[in-house]
Amino acid sequence: PLEAFRCELCPTGGICNGLPRHRIVIDPGRWRANTNMTVIYDCLNTDACLGGEKSECAEGYVGNLCAVCVEGYAQPTLGGTSPPSCAKCTSNVGGLVLFAQLIVQGVVVMTIFRVASRERNGSVGLFKTLLTHFQMMVRRGYNTPLFS
């Protein structure tokens with residue numbers, strides 16, 4: 001078709017060298033949807049987009065703007081990073097530690113509540129203070145060195 005022979009400006013973020021659309025080389029840190037597109041986007045995480053003719057993504061990344069983690073990789077959810085980055089998933093030890101911590105905290109809270117309800121002393125105020133503390137930790141995204 002005649003469109004294949006029509007001259008166009010090379011899009012910002014690409015190297016054309018007089019070649020057709022599908023041969024445009026995309027700069028690192030940029031992405032395009034497919035080889036027939038001349039619209040080139042800046043990636044959210046410049047390290048995730050390798051560029052090239054096919055807008056390849058770095059290891060662990062896939063999808064539009066290379067912003068999705070492939071299976072086996074994940075974005076940190078506690079104290080997330082900006083720009084978003086995908087990290088290789090490790091063993092489930094962190095989840096087990098978190099689960100054990102929640103069980104221990106639950107037992108401590110239940111024990112304080114039972115003691116406070118039996119004795120009716122100042123422990124009720126302590127229980128309410130601890131409960132408020134735990135609720136605020138959850139609401140603000142409690143961040144431990146284990147998950148940062």
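Tyrosine 41 is partly exposed, with a relative accessible area of 39%. The model that contains this residue is predicted. Its secondary structure comprises two helices and ten strands, and the order from the N terminus is β-β-β-β-β-β-β-β-β-β-α-α.

**Tyrosine 41 and the surface**
- Tyrosine 41 lies in strand 4, which covers residues 41-42.
- Together with Met37 and Val39, Tyr41 makes a nonpolar surface patch of about 240 Å².
- For the protein, the accessible surface amounts to about 10800 Å², and carbon and sulfur atoms account for 61% of that area.

**Nonpolar core**
- Of the 148 residues, 20% count as buried.
- The largest nonpolar core has nine residues: Trp31, Cys43, Ala48, Cys49, Ala58, Tyr61, Cys66, Tyr73 and Cys86.
- In soluble globular proteins, nonpolar side chains tend to be buried together.
- Apart from neighbours within four places in sequence, cysteine 49 contacts Pro28, Gly29, Arg30, Trp31, Cys43, Glu56, Leu65 and Cys66.

**Phenylalanine 127 in helix 2**
- Phenylalanine 127 belongs to helix 2, residues 123-139.
- Phenylalanine 127 is classed as buried because its relative accessible area is 15%, and buried means under 20%.
- When residues up to four places away in sequence are not counted, phenylalanine 127 touches Val109, Ile112 and Phe113.
- The C-alpha atoms of phenylalanine 127 and phenylalanine 113 are 6.3 Å apart, with the two residues 14 residues apart along the chain.

**Contacts across the sequence**
- Among contacts between residues at least 6 apart in sequence, 28% join residues at least 24 apart.

Terms used: Residues are numbered from 1 along each chain as its sequence is written. This is a predicted model: local features need pLDDT of at least 70, side-chain atom pairs count only at pLDDT 80 or more; totals for chains, interfaces and linings use all residues. Side-chain values use heavy atoms; hydrogens and water are left out. Helices (H or I, at least four residues) and strands (E, at least two) are DSSP runs, numbered from the N terminus. Buried means under 20% relative accessible area, exposed over 50%, partly exposed in between (1.4 Å probe, protein chains only). Contact means heavy atoms within 4.5 Å. A nonpolar core is a set of buried Ala, Val, Leu, Ile, Met, Phe, Trp, Tyr and Cys residues joined through side-chain atoms within 4.5 Å. Patches are made of residues with over 30% relative accessible area and no salt bridge: like charges are joined within 9 Å, nonpolar side chains (Val, Leu, Ile, Met, Phe, Trp, Tyr) within 5 Å. Accessible areas come from the Shrake-Rupley method with a 1.4 Å probe; for residues, only the protein chains shown count as cover. A salt bridge is a side-chain nitrogen of Lys or Arg within 4 Å of a carboxyl oxygen of Asp or Glu.
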